[in-house]
Amino acid sequence: MRSLDILVIILYFLVIGIIAFISKKKIATQNDFFLGGQRFKKFLMTMLFFGAGTHTDQVVAVVSKIYRVGLSGIWYQWLWLFTSPFYWLKLPILRRLRRMTTADFFEERYSTNLSICYAIIGIFTVAVDIGLMLKGTGAIVDAVTLHQLPTDWAILAIAGLFVFYGVMGGLVAAVWTDAIQGTLTMILSFLLIPFMLMNVGGMANLHFELEQVRNLKHVFSLVSPVGITAFYIFAISLNGLVGMFTQPQVMQTGGSCKKEMDGRVGSLIGTVLKRVCTVSWAFIGLGCIYMFPNLTDSDLAFGKAIYVLLPTGLLGLMIACMLAAVMSTCDVLMVSGTALFTRNIVKNVAKTALSEEKFLLISRTTSVVIVGLGIFIALKLSSVIEGLELFWKLNAFTGFAFWAGIIWKRANVYGAWASIIGSVSVWLLTTQSFFISFMSNFPGVESLRFVVEKEGVMSIYLPWQMVFYLAAGFILMIIVTYLTKSLPGKNMDRFYRKLRTPIGVDAQLDVIK
Amino acid sequence: MKHKKKLENQEKYSDLILVDLLHPDWKHFFTRYRTDLVGFIIFVILMVMIMVGTYFLKNIGS
């Protein structure tokens, strides 16, 4: 990196710091800190969906996976492609729930204990997600500084930056940062393409070199006959759909809009922008196979690409954008994890009303602890891809309980508990060596590929693992609900009346408060 | 009478298709869930366009 790049990074962070300082003045209540006062309109909602939903680890993971398996690795981000249209349907539900956290939903719909259970899983999920982003961005910094700042040290430096930023500004600061970094990330992602094409000698040469010279037959296949197959895509997409509602930050992103349509339009535009950006990352991944044929750590591919391809100044801007993306996204996650702890664990365990000031103080302290857990996970993860797969699974464990709570009036707390415990138990079972050895002797194992070798270790094939625990969660939810008594009708009526009442006509809800 | 019937329906159905997924208002399906359906279809079209676009882009130069 040259001095111009460093100057650009410093200037960028100066602007971001001013935004955090201004945002701090606007925070007076929990609603302001967690949901941005529910004032966001279409533009900010778009930026929230694009910026907060676009993680540095995602670009690193997509490029890394494509580097390993070819273009079909794009599904490590496109798994949300089939789920995306459902965002349009889920936004008004999240807003009409009129809650700050997903655990609030579990408390209202099922029970306090289930809410605490979700809060614990949710905080762990947040920490994994933060760890993922730190790991991904650390790999980029490692690559662009030519290993002068190793990944582990970069993780600590980035964490320090966003804790300061998040504790200062809350969600409002994150959204404004997203607006800036989201736009710049999109522009720079596409700017990389012409530089990459010049470096590899155009698409025709890239095809020739990879398919003919290196004999990589399926490198340009969107669906590979081995590795990421149609079944693989189906399983990870289904898993994404189940876990769509239970990502810890969804209530913050979905519930912070002023009107339902603001949230819907924001989700539509923000999501489309993100999926389009993924396409540019995919082509960078293909270019990396050609440009860096012998990388031992594929996580470093994207960092190396931007270092080689981008001219000075733009490299600094790209790194600043990536760091800002981590700051704003980790900030949203940190705020979500904090909300889960303060509102759903502290409040329920302490059982006494705390003042707004005390709540904000506990929130800010908790933020630092959650990030500490995220750093620990980042240092322990062997790769960004491993962390990403864990993140998908954690969201799906509580997914059926949420879905059933919305669409099935009969669903009760016993079914929800059974679904969560069943999913987690089956997942744990599929990681045990005796189960893997049992499945490897299962009739028809060759054609069904229950067991695969991954980095020298036998394990259950990821899509089958997902099918197993999703099936367990789904079946147990239905059977246990039918075998046990339903919840009192009055509570259910109140809950569903809220879902039937659009935002803006809340006066109709007075009768049920 | 007509007004009362409308209120009863309001109690039974919402305007959100996911909330009514197991018992939709088939009689007024396209009017009641219009916003959900239109947005969902636009979303699907955009996602398909992104997939098809990527397919054509990756074949350039092959």
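Where in chain A is R98(A) found? R98(A) is located in the loop that joins α6 (85-96) to α7 (102-109).

## Basis of the model

This is a predicted model, in which local features need pLDDT of at least 70, side-chain atom pairs count only at pLDDT 80 or more, and totals for chains, interfaces and linings use all residues. Residues are numbered from 1 along each chain as its sequence is written, chains are lettered from A and ligands numbered from 1 in the order in which they are written, and side-chain values use heavy atoms, with hydrogens and water left out.

## Overall architecture

Chain A contains 23 helices and two strands; helices (H or I, at least four residues) and strands (E, at least two) are DSSP runs, numbered from the N terminus. Of its 513 residues, 62% are buried, where buried means under 20% relative accessible area, exposed over 50% and partly exposed in between (1.4 Å probe, protein chains only).

Among contacts (heavy atoms within 4.5 Å) with a separation of 6 or more, 84% link residues 24 or more positions apart.

## Surface and helix α1

The accessible surface of chain A is about 19,000 Å², with 67% belonging to carbon and sulfur atoms; accessible areas come from the Shrake-Rupley method with a 1.4 Å probe, and for residues only the protein chains shown count as cover.

L14(A) lies in helix α1 (residues 3-25) and is exposed, at a relative accessible area of 54%.

## Positive phi in loops

R98(A), a residue other than glycine, has a positive phi near 55°. N215(A), also not a glycine, has a positive phi of about 60°. N215(A) occupies the loop between α10 (202-213) and α11 (230-242) and is partly exposed, with a relative accessible area of 46%.
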